[in-house]
Amino acid sequence: MARFLLKRLGLAIITLWLLATIVFAIVNVLPGNVGRQVLGPFASQQSVDAYNHELGTDRPLINQYSKSLTNLATFDFGNSYSTKEDVAPKITKALFRSAKLAGLALILTVPIGIAAGAYAARRKDKLADRTIVMTGLATSSMPEFVTATILVALFCSSRDSYFRAFADPPDGTSFFGQFKYLFMPGLAMAIVYFGYIARITRAGVINALEADYSRTAIMKGLTSGRVMRRHVLRNALGPTISVVGVQIGYLFGGILGVEKVFNYHGLGTEILNAIGNQDLPILSAAVLTVGIVYMLATLAADVLIAWLNPRVLLETKR
Amino acid sequence: MSLDPEPVPTVVDPVTPNVNVVAGERKQARRENFRLLIKRPGFVIGALVSLFWVVCAIFGDAITPYDPLNFRTTKHLKPFGKYIFGTDQSGRDIVSRVMAGARDVLIVAPPAAIFGVLAGTMLGLIMGYFGGWVDSVLSRVVDAFLALPVLLIALLALVTLGKSRVVVIIVVSILFAPVVSRTIRAAVLAERDLDYVTSARLRGEGSIFIMFREILPNVSGPIVVELTVRIGYAVFTIATLSFLGVGPPPPSPDWGAQVSDGYGVLSAGIWWPTIFPALAIATLVIAVNLMADAVQSVLEG
């Protein structure tokens, strides 16, 4: 296990380095003189130069690159070009908001997906199974912003509809009061993601139902509910867990479209605004944050699977 | 030491496969697969819907009821009247714009998928065939790439490199290649120790020949599956990118851009400028995925 953990952590660090390098490379291709852009066309050349020097943008690229890596290691992302605020707290706030939305989406997605998949497996090749598989295939191929716009049109488009098209709850809204704001964007993502989970669960359950231990359990006279809980699901959910881990990453990637449709101020909106304002510190910090979440989610899933199913550990030894 | 090789035996070499027989069998298998495919309702429906959008993309404003770009009438006219899908915020006919918008997606998504699969196949062949340190190093790089959020990296790259179609195709195909390479690598690993590869090696064939003439035809199944699946993902990714603002500039009738232009008035009850292009995206991705699903179950049993 220790060996596996080390190997997996090493890979995570390589990925992080790759991500930081790509972001640095892309962001530094952006044309233009940062100092001139921030200070405006009427600032004196002297103050522009001084500002550039202060930011370090006049130093050689290699120095800027190594500085960007140390900044990442210390979670210091500098100040925003457009508002001069410190970037780190702003990104933390946005991350928290996005996590709230992604968390709700996950709470909706996972039980629906597992229930639909297990139900379909027990009705294998019957109408209910076909319907669930086809629905999952159709909805999981749609982009999140498409399901989001359809939900807004259906449920949020009149003055007296319960759900809101603007997902940002006003400050001080109670925990349960936030529900009518966050439910629809969460659902928009759940519709896209439940299909994968249902599909994987269905395959796992079908396998486990055909296994000898399930037959034995049925012969022993256990009720079908007990067989499902004690024998089938326990063995069938390994692949499901790995998919959920990957989903958390996708949720954060796909959240951009949903946040835009619902005008929600999370990481996605932060990224889109930063692109509009050419605010490089915010842009790189937000993209790196999404990348780190993405990476941690897959890492957690891999470790969890290895722990549940030690056969995985043998694979890495070879 | 003589440079002359061993005398070549005049009898038919038993190790060299009879090319004609193999090619004939392959042709027959392909015909059989096609017959299985068109028996599946999912494939037929997917193919018909995709064909409709391809026709729209090819003929564009030649078959739309009105000019998708320059025709102007009253703005936000309701649908199902004189203008079937209504008019948008500039008074343009939405049905014409939705039909013409198929071109913006279909001119970019399939090439991106094709180049991504080509690059991924090359990479997968190299990793699977050579194995050893080549495979170890490339696999680590691929794993690292797989942990990157595709959409975000594409977004960043397009913002900096420009939004031209060529850039979209290149960026999306580079981001797709690692996923494809993993699948192909697994397929190649299953082939490389089989007798036909060993005998080709004993015949003295070079690595390039073995990879492309011996192994490649035998992993064509997974390649075709990857290609159909990737086209679906490419439509998904490219539509999302243009919704996020890095698609073709206005007044292009691109679907994602139309949704982006119209979603602000959704909450005021003006749904038609957004929902029709959104449904167009949905029908195309679902159609492609229905085809991909059928291809996958036919080729992988």
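## Contacts and fold of chain A

In this predicted model, residues 24 or more positions apart account for 72% of the chain A contacts that have a separation of 6 or more. Of the 318 residues of chain A, 40% count as buried.

The secondary structure of chain A consists of 13 helices and 0 strands, so that, by the definition of these elements, the order from the N terminus reads α-α-α-α-α-α-α-α-α-α-α-α-α. The C-alpha trace of chain A spans about 85 × 60 × 30 Å along its principal axes.

## Packing of α7(A) against α10(A)

Two packed helices are described by the angle between their axes and the distance between the axes. For α7(A) and α10(A), the axes come within 8 Å and cross at roughly 25°. Because angles under 35 degrees count as roughly parallel, α7(A) is roughly parallel to α10(A). The crossing of these two helices is right-handed.

On the side of α7(A), the contact involves Glu144(A), Phe145(A), Ala148(A), Thr149(A) and Val152(A). These residues meet Gly254(A), Gly257(A), Val258(A), Lys260(A) and Val261(A) of α10(A). By class, the residues of the contact divide into 5 nonpolar, 3 polar and 2 charged.

## Contact between chains A and B

The contact takes 40 residues from chain A and 35 residues from chain B. On the side of chain A that touches chain B, at least two residues each are supplied by α1 (2–29), α6 (127–140), α7 (144–155), α10 (224–261), α11 (267–277) and α12 (280–308) of chain A.

In composition, the side of chain A that touches chain B has 29 nonpolar, 10 polar and 1 charged residues.

## Nonpolar core

The largest nonpolar core has 171 residues. Within this core, the residues with the most contacts are Ala286(A) and Val235(B).

What is Val235(B) in contact with, leaving aside its neighbours within four places in sequence? The partners of Val235(B) are Val105(B), Ala109(B), Leu284(B), Val285(B) and Val288(B).

Note on methods: Residues are numbered from 1 along each chain as its sequence is written. Chains are lettered from A and ligands numbered from 1 in the order in which they are written. This is a predicted model: local features need pLDDT of at least 70, side-chain atom pairs count only at pLDDT 80 or more; totals for chains, interfaces and linings use all residues. A nonpolar core is a set of buried Ala, Val, Leu, Ile, Met, Phe, Trp, Tyr and Cys residues joined through C-beta atoms within 7 Å. A residue is buried if 20 or more other C-beta atoms lie within 10 Å of its own, exposed if 12 or fewer, and partly exposed in between; C-beta atoms are placed from the backbone. Two residues are in contact if their C-beta atoms, placed from the backbone, lie within 7 Å. Helices (H or I, at least four residues) and strands (E, at least two) are DSSP runs, numbered from the N terminus. Ala, Val, Leu, Ile, Met, Phe, Trp, Tyr, Cys and Pro count as nonpolar, Asp, Glu, Lys and Arg as charged, and the others, Gly among them, as polar. Axes are lines fitted to C-alpha atoms, for helices over the stretch in contact, and angles run from 0 to 180 degrees between N-to-C directions. Angles under 35 degrees count as roughly parallel, over 145 as roughly antiparallel, 65 to 115 as roughly perpendicular and the rest as oblique. A crossing is left-handed if the near helix is turned anticlockwise from the far one by less than a right angle, and right-handed if clockwise.
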